[in-house]
Amino acid sequence: KFDLFATWSILSAASILGPVIMCDTFYYGKPVFASLNIVLYNVFTSHGPDLYGTEPASFYLINGILNFNFVFIAALVVIPFRYLSSSLFRSAFVTAPGARLPLFLSQLGLYLWLGVFWMQPHKEERFLF
């Protein structure tokens, strides 16, 4: 399962990164990966993230609920509820081995996003989209 996921992840990254780097290089006139520069500046420097103001940790939670209503909350709790329900009702979730990727992989993007952006002092509503 993991090999299949890793293979498709690498293929997807390569097919996306190639054109992005080519476009950035064309417009900047030198080899550049602008998205990486943004992350390096905002995440790994002490002055970057709070240059334009800061918000409390509850900012994304409040704005996520305001923008996406109960869907945001459901997305946050789907993995704990899935594992809780599978432990309570084992026979209801019997599937063939290897039939699909593990559930947590489908939600991993959300949790990674939360892990990175929630810790940053500078928060903007546009980062939710």
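What follows is a short exchange on one helix pair and the rings around it.

Modeller: This is a predicted model, in which local features need pLDDT of at least 70 and side-chain atom pairs count only at pLDDT 80 or more, while totals for chains, interfaces and linings use all residues. Residues are numbered from 1 along each chain as its sequence is written, and side-chain values use heavy atoms, with hydrogens and water left out.

Biologist: At what angle do the axes of helix H3 and helix H4 cross?

Modeller: Helices are DSSP runs (H or I, at least four residues) numbered from the N terminus, and axes are lines fitted to C-alpha atoms over the stretch in contact, with angles running from 0 to 180 degrees between N-to-C directions. The axes of H3 (residues 59-68) and H4 (residues 70-88) come within 6 Å, and their crossing angle is roughly 125°.

Biologist: Is the pair of rings of Phe-68 and Phe-72 stacked or edge-to-face?

Modeller: Rings of Phe, Tyr and Trp (its six-membered ring) pair if their centres lie within 6.5 Å, and planes under 30 degrees apart count as stacked, over 60 as edge-to-face and the rest as tilted. The centres of Phe-68 and Phe-72 are 6.5 Å apart with their planes at 25°, so the pair is stacked.

Biologist: Is Phe-72 buried or exposed?

Modeller: Buried means under 20% relative accessible area, exposed over 50%, and partly exposed in between (1.4 Å probe, protein chains only). Phe-68 has 30% relative accessibility and counts as partly exposed, whereas Phe-72, at 6%, counts as buried.

Key. Helix = DSSP H or I, 4+ residues; strand = E, 2+ residues; numbered from the N terminus.
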